[in-house]
Amino acid sequence: ELEAVHLNEFEKGVASIEVGIIADTKQPAAALHFARYLGARDKGLQRYRDFGFTPVEGDVWADVPELTIYAGSMLRPAIEETIKAFESREGVEVTRIYNGCGILVAQMKGGQHPDAYFACDREFMSQVNDLFPESTDVSTNQLVILVQKGNPHVIQSLKDLAKPGLQVGIGHEKLCAMGWLTQQTFKEGNVQTEVMKNVTVQSPTGDTLVNQLKAGSLDAAVAYLSNAAGSADVLDAIPIQGIPCAEAVQPFGVAVDSEQKHLARRLYQRIAESESKERFLRNGFDWKLEEPRFGED
């Protein structure tokens, strides 16, 4: 028999109803399962509306949610362990597709929409900006010239890659961010025409170039510093000096049409934690993440 009158003066007087999971719980998957039920748009949130609450936009309920993330191949060593721990604690399944970002972008433009995308560089996030209108820069990775240990061909700069007889490997310009950045770096360094004469391999991933360099089929390769992580005993990395575009920036975005936005943002929060940061640093990345983070003011 009562009627609510909404006053402008009270618009800021809003209480946010939240559920938290104890950090040291012995049953994290079960507790999170219950919390997801409370916050599911087609389960718990329906009851909140019945009792006068204003529900948020929750995820679609699933007993075992499935999350799909597309990520550049170079990011795999930095995030794979974090994703496995996330799956175990949350009681969810994460399908990860690692590939060259040019390939991933083509798949998304062709109609395949993951819940999240971790790009090798901003350029390849901007190409699918309609799917990921908001993204956050997490890390950076430096292009370097990789050579056999001891640098037998005495390569010190981009210009040296044009030495007669050298066999050089680079990323494929249209298939991966590494290839696109390499071409931009060659152009800015005014060496593109000369160096491309020595390029014998254009690969969609840096790992392929590293393996060919180790096998001796390449004399040098332009790849990310992270590609050389763990190979310091057989490879040397020559910095590319004075060319700003030689640095790649890795953004993370959650798809605007994902039915598991909150879960995808929780994965992002795990990637943003200090333990994850240490994995990035160990694998040759630099850390760039700054506030604000997803879901925070």
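1. Leaving aside residues up to four places away in sequence, Ser203 touches Ile170, Gly171, His172, Cys176, Met178, Thr208 and Leu209. The model is predicted. Ser203 sits in strand β6, which covers residues 199-203.

2. Is Ser203 buried or exposed? Ser203 is buried, at a relative accessible area of 3%. The cut-off for buried is under 20%, so Ser203 qualifies.

3. Next, Ile240. Its place is in the loop between β8 (235-239) and β9 (247-254). Ile240 is also classed as buried, because its relative accessibility is 10% and the class takes in values under 20%.

4. Which residues does Ile240 touch, not counting residues up to four places away in sequence? The contacts are Leu143, Val144, Ile145, Leu158, Thr185, Val222 and Ala246. A separate distance concerns Ala228, 12 residues from Ile240 along the chain. The C-alpha atoms of Ile240 and Ala228 are separated by 15 Å.

5. Now the helix pair. Helix α1 spans residues 28-38, and helix α3 spans residues 76-90. They pack at an angle of about 75°, and their axes are 6 Å apart. That makes α1 roughly perpendicular to α3, because angles of 65 to 115 degrees fall in that class.

6. Which residues make the contact of α1 with α3? From α1 come Pro28, Ala29, Leu32 and Arg36. From α3 come Ser88, Arg89 and Glu90. By class, this contact holds three nonpolar, one polar and three charged residues.

7. How many cavities of 30 Å³ or more does a search of the whole structure find? The search finds one. The largest cavity has a volume of about 100 Å³.

8. The lining of the largest cavity consists of 14 residues. Ser73, Met74, Pro204, Thr205 and Gly206 lie nearest its centre. By class, the lining has eight nonpolar, five polar and one charged residues.

9. Some points to check against the structure. For Ser203, look at the contacts with Cys176 and Met178, which are among those listed. For the cavity, Pro204 is one of the residues nearest the centre.

Definitions and conventions: Residues numbered from 1 in each chain as written. Predicted model: local features only at pLDDT ≥ 70, side-chain atom pairs only at ≥ 80, totals over all residues. Heavy atoms only, no water. Axes fitted to C-alpha atoms, helices over the stretch in contact; angles between N-to-C directions. Helix = DSSP H or I, 4+ residues; strand = E, 2+ residues; numbered from the N terminus. Parallel < 35°, antiparallel > 145°, perpendicular 65-115°, else oblique. Contact = heavy atoms within 4.5 Å. Nonpolar A, V, L, I, M, F, W, Y, C, P; charged D, E, K, R; others polar. Buried < 20%, exposed > 50% of the residue type's maximum accessible area, 1.4 Å probe, protein only. 1 Å grid on protein atoms, 1.4 Å probe; cavity = no way out; pocket = protein on both sides within 12 Å on 5 of 7 lines; lining within 4 Å. Points joined across faces, edges and corners; volume = space filled by probe spheres on them.
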